Amino acid sequence: MNPTIEQQHAINMAVQGNSCKVTAYAGAGKTSTLKLIGDAKRNQYGMYLAFNKAIATEAQSKFNQNVKCKTFHSLAFNSVPRWLTNKLKNRRLMSNQLASRYDLESFKVPVALVQQRGEEDKARLFSSKHMATAMMNTVGYFCRSNHNEIQFAHAYAALPVWMDDTQRAELANILLPKAYDYWMDILNPTGINRLEHDHYLKYWALSNPIINADFILFDEAQDADPIMLNVLSKQPTQVIYVGDRHQQIYAFRGAVNAMQSLDITETRLSQSFRFGQNIADLANKILFNVLDEEIPLRGFERIESQVGEVDDMVADAFIYRTNASALSNMVELVKLGREPRLEVDTSSLIKNIEDAKKLKAGIKLNDGSIFEGFSDWKEAVEHAEEVKGNDLKPLISLIEKVGENVLIEALLKSSSSDYDCIITTAHKSKGLEFNKVKLGGDFFYKEATEPGVPLISEDEARLLYVAATRAKKQLDITALNPLFKKIGYNTKAEVNALCVQ
């Protein structure tokens with residue numbers, strides 16, 4: 001294929017041999033550009049790095065033989081000692097066993113004022129089992145960081161946000177030496193703790209590894225963990241970071257936006273080949289008016305795209321902000337006679353619905369339940385109705401409407417291979433594309449704001465940008481018209497009305 005002008009700029013930059021970054025907007029031919037770079041450097045040995053095996057395997061089928069496609073974890077696995085990876089086979093110790101082994105105690109913890117869910121929700125029990133889970137998560141945060149030793153910040157992050165800050169800090173100090181002992185057992189050839197994949201990745205990273213390649217292509221760099229960026233920053237060879245800082249939607253997991261943080265030569269792929277100019281115009285309202293972008297996304301002139309209403313009976317995909325809203329939509333679509341496939345975190349949803357059943361029945365909930373802090377179901381319903389913007393409202397309203405058993409049955413059937421449309425969340429939709437897309441109305445934004453206060457956060461705006469750019473031919477934003485109007489986008493009908501006036 002003949003490269004576009006932008007693709008040729010990326011190729012020329014890569015051929016010069018210096019580390020650089022290629023910002024690729026939604027649908028802008030990122031994979032084909034990477035292949036062109038690999039072809040242009042055919043006399044060199046390249047390494048393409050992806051986040052998961054499926055993406056790496058697919059990429060390998062597209063690159064020439066001079067580029068090998070792997071994941072960070074596979075590089076690490078093949079480089080660390082076998083005594084370490086053999087510990088992947090160790091029996092997993094349950095949280096109660098770990099609590100006993102590391103002498104962890106239970107604590108009655110004050111609830112932060114803004115997190116309290118009722119008159120009686122002043123303090124909650126944080127059990128020894130949950131201390132054990134927090135200890136393991138502390139090590140997890142450490143393993144994804146660029147630190148050489150476990151820090152207080154890792155333990156603090158592993159504790160729930162509902163805790164009073166002072167007590168949370170005290171528990172973090174208690175956890176810190178326990179997490180250190182847990183990690184030392186991982187590094188001990190005779191240790192009994194089970195190895196996790198992030199553990200051997202950290203072990204490898206701490207050895208200051210050198211990746212055997214003349215150049216490295218790092219895909220989806222905006223979603224990188226600090227540990228990955230740290231390894232790449234120490235390579236003596238050329239590293240080409242590829243991604244879109246506006247599609248960084250995993251900051252809550254600790255991901256670092258390499259496309260924004262790295263001060264190296266940059267070029268852009270702003271021409272989308274996925275959709276036409278009408279959808280690009282809408283996306284640009286998010287990019288320019290919320291995310292402070294200055295270079296526009298351009299639609300593909302050969303694709304005729306529309307932003308307008310799409311009937312529920314013909315839409316290919318429905319994209320929501322939350323699992324609960326996606327589930328609610330599935331129930332309604334089934335009533336219409338459609339056969340939707342639900343692409344959400346099904347196991348988490350079922351657990352939450354089971355917890356609702358327990359709360360109704362007066363059965364004690366496990367620590368960490370989304371209904372933790374409520375004394376009964378009535379209190380949960382009142383909270384959903386009275387507290388604006390709370391994330392429990394969609395699920396509670398749905399349970400009140402159709403009942404727990406109906407929802408669980410629907411979820412168990414939702415993964416059928418025989419379907420006529422997809423229902424998913426914005427997070428799950430990343431990397432996908434559909435002809436006709438409808439966006440749900442549950443994206444988080446403020447209906448009214450004080451002067452100088454953003455209508456929508458940057459994290460939420462990036463999520464909205466990802467969802468909106470999944471559409472190829474038709475995009476329905478009807479449920480979010482108030483939001484888009486406030487960020488400067490007028491629908492075609494509104495533009496026509498203004499012209500008539």
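Helices, taken as DSSP runs of H or I at least four residues long, are numbered from the N terminus, and strands are numbered likewise. In this predicted model, the chain holds 22 helices and 14 strands. One of the helices, H10, spans residues 197–206 and includes Leu206.

The overall dimensions of the chain were considered before its individual elements. The radius of gyration of the chain is 25 Å, which agrees with the value near 23 Å that a compact globule of 501 residues would have. Along the principal axes, the C-alpha atoms fill a box of roughly 65 × 65 × 50 Å. Of the 501 residues, 50% count as buried. Contacts between residues at least 6 apart in sequence were also examined, and 71% of them join residues at least 24 apart. The accessible surface comes to about 24300 Å², and carbon and sulfur atoms account for 49% of that surface.

Helix H1 comprises residues 5–15, and its buried residues are Glu6, Gln7, Ala10, Ile11, Met13 and Ala14. These residues lie on the same side of H1, because the arc they cover around the axis is only 165°. An α-helix has 3.6 residues a turn, so residues three or four places apart point the same way. The cover over the buried residues of H1 includes strand E1 (20–24) and helix H2 (30–40), together with strands E7 (238–243) and E8 (265–269). After H1 comes Gly17, with a positive phi near 95°.

Helix H17 comprises residues 393–402, with Leu395, Ile396, Leu398 and Ile399 buried. These residues cover an arc of only 165° around the axis and are therefore on the same side of H17. Among the elements that cover the buried residues of H17 are helices H14 (323–335), H15 (346–361), H16 (377–386) and H18 (404–413). H17 is followed by Gly403, and the phi of this glycine is positive, near 95°.

Residues in and around helix H13 were considered next. Asn284 lies in H13. With a relative accessibility of 11%, Asn284 counts as buried, the cut-off for burial being under 20%. Leaving aside residues up to four places away in sequence, Asn284 touches Asn289, Pro296 and Leu297. Glu304 is located in the loop that runs between helix H13 (277–289) and strand E9 (306–307). In contrast to the buried Asn284, Glu304 is exposed, at a relative accessible area of 66%. The C-alpha atoms of Glu304 and Gln277 are 7.8 Å apart in space, while the two residues are 27 apart in sequence.

Leu206, in H10, is partly exposed at 34% relative accessibility. When residues up to four places away in sequence are not counted, Leu206 touches His147, Asn148 and Trp183. A C-alpha to C-alpha distance of 9.4 Å separates Leu206 from Ile227, and these residues are 21 apart in sequence. Asn208 is placed in the loop between H10 and strand E6 (215–218). The phi of Asn208 is near 55°, a positive value in a residue other than glycine. Asn208 also counts as partly exposed, with a relative accessibility of 48%.

A further residue with positive phi is Asp103, which is not a glycine and has a value of about 50°. Asp103 lies in the loop between helix H6 (95–101) and strand E4 (107–110). At 58% relative accessibility, Asp103 counts as exposed, since the limit for that class is over 50%.

Asp185 belongs to helix H9, which spans residues 165–186. Its relative accessible area is 10%, so Asp185 is buried. Not counting residues up to four places away in sequence, Asp185 touches Lys87, Arg101 and Tyr102, as well as Gly191, Ile192 and Asn193. Arg101, among these contacts of Asp185, falls within the range of helix H6 (95–101).

How values were computed. Residues are numbered from 1 along each chain as its sequence is written. This is a predicted model: local features need pLDDT of at least 70, side-chain atom pairs count only at pLDDT 80 or more; totals for chains, interfaces and linings use all residues. Side-chain values use heavy atoms; hydrogens and water are left out. Buried means under 20% relative accessible area, exposed over 50%, partly exposed in between (1.4 Å probe, protein chains only). Helices (H or I, at least four residues) and strands (E, at least two) are DSSP runs, numbered from the N terminus. The arc is that of the directions from the helix axis to the C-beta atoms. Contact means heavy atoms within 4.5 Å. The radius of gyration is taken over C-alpha atoms; the globule rule is 2.2 Å times the number of residues to the power 0.38. Accessible areas come from the Shrake-Rupley method with a 1.4 Å probe; for residues, only the protein chains shown count as cover.
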